[in-house]
Every structure is written in structure tokens, then in C-alpha cells.
Amino acid sequence: MKITSILVSPSEIIFSFDSPLSSATIREYEPLVHAECALLSEHEVKGNENTAVIARFMGKHDRLYSRFEVYVGDNRIPGTQFVTDFDVSVPENKNEYPALSTKKTLHGTEEDIIALGIRQQPININLPNLMTTVKSDETLNFEHDGKTYYFIKKAVEQVDMQMAKSKKLGLVVTMILLNSPRLFGSTGEKALLDKCLHPGFDFESPDAFISAFNMRTHDGMGYYRAFVEFLCDRYTKPDSNVGCVAGAIISNEVNSQYVWGNAGEMDVNDYVAEYNEAMRQAWLTGQKHSKSFRVYVSLDQYWHKTAHNVRFPKRYYSGRDIIDELNRLQGEKGEFPWCVAYHPYPEDLRWPDFWHDRAPDFTFSTPKITFKNMEVLEAYLSQPHMLYRNAPRRIIFSEQGFNSHSGALQSLTEKMAEAGYVLAYLKAKNMKTVDMFMHHAYTDNPHEFGLNLGIRRFDPNAPHHAGEKKPIWYAVYDMDTEHESERIQKARAFIGEELFDYLLNPPIEYGDRDTSKDNEFG
């Protein structure tokens with residue numbers, strides 16, 4: 001016997017089994033990871049053919065979020081431990097995921113958003129910027145799972161303004177949920193950070209910009225889930241002036257966790273166990289409000305190797321190891337439709353001519369996935385054992401861009417970026433499971449590690465610092481318009497027709513690279 005699914009209705013939690021069940025004991029636990037989980041309730045139930053039912057609510061506590069174990073006598077029944085399905089009547093927003101006419105994604109002024117035909121954008125939202133432990137006249141009360149949490153009015157109003165602008169422009173928003181004690185407007189409130197930061201967060205590391213979400217303590221998970229539910233409750237309502245959120249990216253580039261999702265030194269499987277739960281809890285919360293709500297794992301360009309993995313294997317992981325472990329946990333704990341937010345920058349972020357990248361290849365063991373071999377990611381996720389209910393997981397390219405130099409190489413590198421955008425966008429457009437191609441950034445940023453990633457030059461005196469248009473601006477403008485074919489021919493001539501055509505439809509090798517001939521030529 002096996003538990004095949006757990007469905008939530010407005011008032012019940014319904015367990016399904018692959019064979020008839022006469023009676024069983026259902027135990028409900030807190031869903032903490034790497035911590036002792038409290039037994040929340042125990043139920044003696046009678047089976048109804050292949051199902052068993054318990055009440056969804058215990059007072060104000062919602063069992064939707066809990067982990068379950070089912071026993072017949074002393075024997076635990078294997079199978080899913082978490083809610084996997086929602087009755088159609090549960091979410092208020094019953095709309096399907098929006099089908100958009102373009103994958104172009106960008107931040108910018110209203111004028112450029114309209115001119116460039118942009119239809120979606122990601123927005124950073126930081127828990128320590130939005131929440132506080134102290135109730136005051138400057139806070140909003142929000143009840144989650146029987147407890148009241150406090151949100152800072154001014155910070156919420158800032159998010160409201162961003163969402164309202166997106167709604168006005170008809171943009172679909174994907175939230176990027178962050179837990180940074182140092183950046184993104186963090187208040188630095190110690191009492192809050194003590195609860196919401198990961199217990200292993202390395203305050204001594206100057207490069208630890210963002211913490212992993214805390215899945216180890218009751219308070220940590222409570223604040224995290226309240227954070228997610230507050231946003232979903234506020235921004236997914238179909239009739240709201242600011243209700244345009246379609247999903248959430250959980251943290252940032254977690255395969256480089258010591259910088260962008262710091263949890264201290266951890267083995268990759270231990271890290272993913274906690275990250276998987278953060279994704280699941282966000283999905284459960286989102287699905288409660290919106291039928292099509294998606295959650296994404298965030299990964300940088302390092303796929304089968306990392307720059308630091310040999311020296312620091314407990315700080316940096318390969319993207320492939322993250323994906324493989326997330327997939328393994330589906331069978332162990334229960335499936336949910338997580339998606340992938342990938343950042344396929346060129347091999348060397350300083351140079352935009354990705355068609356000359358040397359490390360990436362077209363096998364599943366490629367060291368990196370860049371613009372050159374983006375299709376490898378889709379192929380890997382389309383393998384039968386990677387599918388979610390017979391469908392490949394969705395992909396968004398949520399952060400990537402093309403640097404240009406200053407000085408003597410400015411003109412050349414700006415032309416490279418212009419042509420590179422066209423080829424990379426076409427490649428993403430041809431992929432069947434890709435929904436977004438985000439260009440980072442809108443303007444060159446003088447504080448971004450010496451890179452000039454904008455489509456406009458930086459002007460400190462201009463609104464939004466939006467200076468002169470760079471050549472790539474016009475490439476973005478032309479794609480998905482009647483001018484696209486001319487733009488493609490220009491890029492094809494610049495890159496080289498044979499190379500352009502090869503990279504537009506590269507020969508993916510469904511397997512790992514053959515290393516037997518690596519030393520054939522000495």
C-alpha cells in the first residue's frame with residue numbers, strides 16, 4: 001500500500017491510496033527540516049475504499065502546510081507526506097497562467113516599457129524590509145495560521161506602488177523573495193533577524209549578501225510563510241488594482257549559496273532539503289490563493305562544476321546537483337510543480353560574444369549553461385524521470401545580460417551585445433518550455449562589479465539614470481515586431497551566418513560528455 005496523493009478542499013484533507021484501506025492512524029507534524037518536529041495531532045480514521053479524510057482546520061491552524069505520516073498498526077505507509085493537490089474551489093484566483101505574446105522582460109521607465117513591448121518583470125521583495133516583530137501605528141496586522149504578524153506600512157506601500165505600476169502597464173510580475181540582512185532595504189532589526197535568518201548564516205563573511213530562509217525553527221518558518229502569504233493574499237486577487245503576481249523565485253542563485261542564500265557550510269543534499277521545503281511551503285501558500293501560482297529554484301550559470309566547488313564543496317554546488325536532489329525529493333516526500341529560474345550569462349561576464357564561449361558544450365555534463373547552450377537545460381528537464389505529471393518543468397531566464405566596455409572597445413562590445421541579444425532571444429523563443437527572457441539591467445550601473453549591463457548608458461542627472469540608448473536597445477525594440485527579420489539578418493551577418501545558424505539549433509547530446517578522447521592530442 002502507498003499514499004498516492006493528498007488533496008486539500010475548503011474544509012478537509014483527503015488522503016488517497018493505491019489500494020483499499022479499512023482503518024489507519026494519521027499523524028500530523030510540523031514541516032521543519034533538520035529539527036525535531038512537534039506532533040501536532042493524531043487521528044484514528046476509517047477508510048472509504050481508497051481514501052481517508054481528516055478536518056483541514058483545528059481552530060485557526062490550517063493543516064494545509066503540515067507533514068503527515070499514515071500508519072496501519074505499527075507499519076508506516078510509504079508515499080507522499082505533504083499536500084499535492086488542491087480542489088478547484090480552494091483558490092480565489094482561478095485564472096490560468098497568462099499566455100503572453102512575447103518573452104521580452106525588462107525594468108525601465110513607463111515610456112520604454114511601452115515602446116519595447118515588455119509584458120512582464122521580476123520584482124525583488126525582502127523579508128527584513130517588510131516585516132517587524134513590534135506592533136505600532138506604523139504597522140499592518142496580518143494573521144497567518146493562528147498568529148498575528150506585523151508588516152511595515154511604508155515598506156508595503158513601496159511594493160504597492162511597484163505592483164500598481166505593473167498593473168497599469170499590463171505587466172505580469174514574478175516576485176523574487178529574499179532574506180537579506182544587509183541589502184534591499186533591510187531594517188536590521190535584531191529581534192526579527194534572530195527569527196528569520198538561517199541559524200547557520202555567516203555574519204563574518206562580507207560576501208554573504210543574502211541568507212537562506214529558516215526552515216529549522218517554528219518561528220523561522222512562521223515568519224517566512226506569513227511573508228509569502230501576505231504577498232499572495234495582497235497581490236494575486238484577480239480584481240485588485242495591484243493583483244498581477246504569477247509566481248515567486250525563492251532566494252537567488254542558490255548553487256552559490258555562500259553568497260546569495262547563505263546557510264553556513266552544508267552538504268548539498270542537506271542544503272537542498274531545506275530549500276526544497278521553502279519552495280514547497282511557498283507553493284502551498286500560493287496555490288491557496290491562485291490556481292496557477294508558480295515557484296522557481298534560482299540558479300546561476302554553473303551547471304556541472306563551479307568555480308569554487310573543489311576548495312569549498314560545502315559552500316558552492318553545481319546547478320545539476322541541485323536539480324537532481326530536488327527531483328529525488330519528489331519521490332521521497334511528495335511531488336509539486338517547482339520550476340527553474342536560470343541565469344545563462346556569457347561564460348565570462350565581461351565579454352558579450354557568447355558564441356565564442358569555450359567551456360560550454362551541448363552535453364548534460366557541460367560545466368556551464370550560458371546563452372551558447374541554453375537548450376541543454378530544457379533537454380535535461382525533459383528527460384522522463386524529470387517530468388512533473390508527464391510534462392517538463394517550466395523555465396524562466398530571470399537574470400542575464402550583455403556587458404559592454406568603456407574606452408577603445410566600447411563600440412565593438414556594444415555591437416557584440418546588440419547581436420548577442422538577438423541570437424540569445426531567438427534561442428529562448430524557440431524553446432518550448434521558456435516563458436521569460438529578462439535582460440539585466442535597464443541602465444549601466446556604476447556599482448555593479450565594473451560591468452555595464454544596461455540597454456541605456458548611465459546618466460546621473462537623468463530620471464531613473466536613463467541616459468543615451470545603446471545599440472542593444474534597438475535590438476530589444478525590434479524583436480517580436482515586423483522589423484525582426486531585418487534585425488536577425490544584421491545579427492547573423494555580424495556573428496557569421498554558419499555559426500549563427502548552428503547555435504540557433506545546436507545538436508544536443510542527451511547524456512554526459514565522452515571524456516575518453518580528452519588527451520588524444522596530448
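How many cavities of 30 Å³ or more does the structure hold? The structure, a predicted model, holds one.

**View 1. Lining of the largest cavity.** The volume of the largest cavity is about 80 Å³. Its lining is made up of Ala212, Phe213, Met215, Ile250, Ser251, Val254, Tyr271, Glu274, Tyr275 and Ala278. Eight of the lining residues are nonpolar, one is polar and one is charged. Helix α7, residues 268-289, gives the most to this lining, with four residues. Rolling a probe the size of a water molecule over the atoms shows where empty space is left.

**View 2. Asp267, in the loop between α6 and α7.** Helix α6 covers residues 257-260, and α7 covers residues 268-289. Asp267 has a relative accessible area of 40% and is therefore partly exposed. Setting aside neighbours within four places in sequence, Asp267 is in contact with Lys314 and Tyr317. Glu96 lies 171 residues from Asp267 in sequence, and the two are 38 Å apart in space, C-alpha to C-alpha.

**View 3. The cis peptide bond between His440 and Ala441.** Omega of this bond is about 15 degrees. Ala441 sits in the loop between strands β21 (434-439) and β22 (456-458). Most residues other than glycine have a negative phi, and most peptide bonds are trans.

**View 4. Glu49, a residue other than glycine with a positive phi.** The phi value is near 60 degrees. Glu49 is placed in the loop between β4 (39-46) and β5 (51-55). Is Glu49 buried or exposed? Its relative accessibility is 64%, so Glu49 counts as exposed, the cut-off being over 50%.

**View 5. Arg389, in the loop between α9 and β20.** Helix α9 spans residues 375-381 and strand β20 spans residues 395-400. Arg389 is not a glycine, yet its phi is positive, about 50 degrees. With a relative accessibility of 40%, Arg389 counts as partly exposed.

**View 6. Helix α11 and the residue Asp480.** Helix α11 comprises residues 471-478. Which residues are buried in this helix? They are Ile472, Trp473, Ala475, Val476 and Asp478. An α-helix has 3.6 residues a turn, so residues three or four places apart point the same way. Asp480 follows α11 and has a positive phi, near 65 degrees.

Technical notes:
Residues numbered from 1 in each chain as written. Predicted model: local features only at pLDDT ≥ 70, side-chain atom pairs only at ≥ 80, totals over all residues. Heavy atoms only, no water. Buried < 20%, exposed > 50% of the residue type's maximum accessible area, 1.4 Å probe, protein only. Helix = DSSP H or I, 4+ residues; strand = E, 2+ residues; numbered from the N terminus. 1 Å grid on protein atoms, 1.4 Å probe; cavity = no way out; pocket = protein on both sides within 12 Å on 5 of 7 lines; lining within 4 Å. Points joined across faces, edges and corners; volume = space filled by probe spheres on them. Nonpolar A, V, L, I, M, F, W, Y, C, P; charged D, E, K, R; others polar. Contact = heavy atoms within 4.5 Å.
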